[in-house]
Amino acid sequence: MISGNKPLKGRVDISGAKNAAVAIIPATLCAGGVHTIENLPQIEDVRNYIAVLESMGAKCRLLNPSTLQVDARKANSTVHMPDNLKGMRASYYLIGALLGRYKHAVVPMPGGCNFGSRPIDQHIKGFEALGATVVQEHGSIFVSAQRLVGTKIYLDVASVGATINIMMAAVYAEGETTIENCAKEPHIVDCANFLNMCGANIKGAGTGVIRILGVKTSDMKDRDYTIIPDQIEAGTYMIAGAITSGEVVVRKVIPKHMEALSAKLQEMGCEIFAGDDWIKVRGKTELKPTTVTTLYYPGFPTDLQPQMTALLTQGNGTSYVTETVFENRFQYIDQLARLGAKVKIEGRMAAIEGAARLTGAHVEATDLRAGACLVVAALAAEGATKISNVHFIDRGYENIVDKLKALGASVRRIGDGEAPIVMEA
Ligand code: EPZ
């Protein structure tokens, strides 16, 4: 429950990056030793991933709420995914990690937020190019290879998941593997850094071409790693500061990762100040309209598109958002409209009418970032907003109620946060 229309003021510490965590946790299976991972966000996806690794025979120990020690030496290569976790999207990283380390893996098909089909054809293309056979049946993916031999792989889509997955599958492949047209997200660099710390030989992560020279499993060492801060969590709080005409400082961030958003907020009239590991956003009552096109990093992140759309309802004119990464990532617009937004969708573009008067209502989160969008809009809306299905939000935001309260928001969790099951007539 959020009572909005109050400027947020204060500082918020940003947690570790969800999309780095869900790659580096399975990467410990690829490295195969005993690894301590620090700065993990305390979110559902991390808790779920730990449960999956334990079900595979890896020994997991939380040394503190955000530090995980994984002993991957005895993990097996068949994943018995507990039913409640089959919805996880990032379970696909287990395929690359296990194929790389064991040349064999059986992993349930991944789930994930439902904004358009989420194929993994590019992942499979990479695995097959390395010499694996891939069979999909009974809802699982079976991959195996006699040998994994380095080769050149060209991605038809600069897919984040495929880039990381093929990188892991190639760590021990014989010779050199080149991945071309790969994505450049910070969490790709983070995962490559972890694997290189352990003894892998990965060059070019963060650029459009990644080269992996195969190493032996005996080359790998037990190494610890601290993951990067979450650019999407940081961006969500920055946007919350802007939409409430407040003044929010996000701390423990890497300002360089936030450049696309910072530039857009400045274009809209917000004041942005940045230090080594913090950014201050001073919102303005008069916000200019703008246009946003989501692109792969370093472009404007698709995971901030819903939150940005909420902010653009407050610009003093019509704004336009084009979603180039996912085919159907405007499904949240119906719920945003219940709070007073006026948005017209044409294909991959949204036209957002400005100066919309937002008023509280009962809305439902339909996926993780759609939920974040509703939180941002509710913080600006007059009156009370009740958001159901907050489990989506808990997947990617650590302690969101406490963090918002510390910024002065009037927010509380009620009941189990689940939408009442409305029986179809
Ligand atoms: C990762 O998803 C993130 N999830 C997503 O974050 C993020 O939105 C996305 O990257 C883009 O940045 C995780 O890291 C766990 P993609 P992923 O492969 O890997 C198409 C969040 O809110 N595609 O880059 O699934 C695909 O359909 C989540 O934290 C293929 O066609 O994204 C999509 O249109 C949401 N074939 C586009 O590429 C493939 O084999 C981008 O997908 C793979 C992808």
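A backbone N or O atom of P119 lies 3.4 Å from an oxygen atom of the ligand. This distance, like every other value here, comes from a predicted model. G161 also brings a backbone N or O atom to an oxygen atom of the ligand, here at 2.9 Å. For V325, a polar backbone atom is 2.7 Å from an oxygen atom of the ligand. On its own, the ligand has 820 Å² of accessible area, and the protein covers 93% of that area.

## The shell and the pocket

Which residues come nearest to the ligand? There are 27 residues around the ligand, and the nearest are Y92, Q122, S159, D303 and V325. Sorted by class, the shell contains 13 nonpolar residues, seven polar residues and seven charged residues.

Several helices contribute to the shell: α1 (18-31), α4 (121-129), α5 (160-169) and α11 (368-380) each supply at least two of its residues. The ligand takes up the space of the largest pocket.

## Helix α9

Is helix α9 mostly covered or mostly uncovered? Helix α9 spans residues 305-312 and is mostly covered, with eight of its eight residues buried. These buried residues are Q305, P306, Q307, M308, T309, A310, L311 and L312. A residue is called buried when its relative accessible area is under 20%. In an α-helix, residues three or four places apart point the same way, because there are 3.6 residues a turn. In α9, the buried residues include Q305 and M308 as well as P306 and A310.

Definitions and conventions
Residues numbered from 1 in each chain as written. Predicted model: local features only at pLDDT ≥ 70, side-chain atom pairs only at ≥ 80, totals over all residues. Heavy atoms only, no water. Near = heavy atom within 4 Å. Polar contact = N/O pair within 3.5 Å; in protein donor to acceptor, adjacent residues only side chain to side chain. Areas by Shrake-Rupley, 256 points an atom, 1.4 Å probe, with all protein chains shown as cover. 1 Å grid on protein atoms, 1.4 Å probe; cavity = no way out; pocket = protein on both sides within 12 Å on 5 of 7 lines; lining within 4 Å. Sits in = over half its atoms within 2 Å of the grid points. Helix = DSSP H or I, 4+ residues; strand = E, 2+ residues; numbered from the N terminus. Nonpolar A, V, L, I, M, F, W, Y, C, P; charged D, E, K, R; others polar. Buried < 20%, exposed > 50% of the residue type's maximum accessible area, 1.4 Å probe, protein only.
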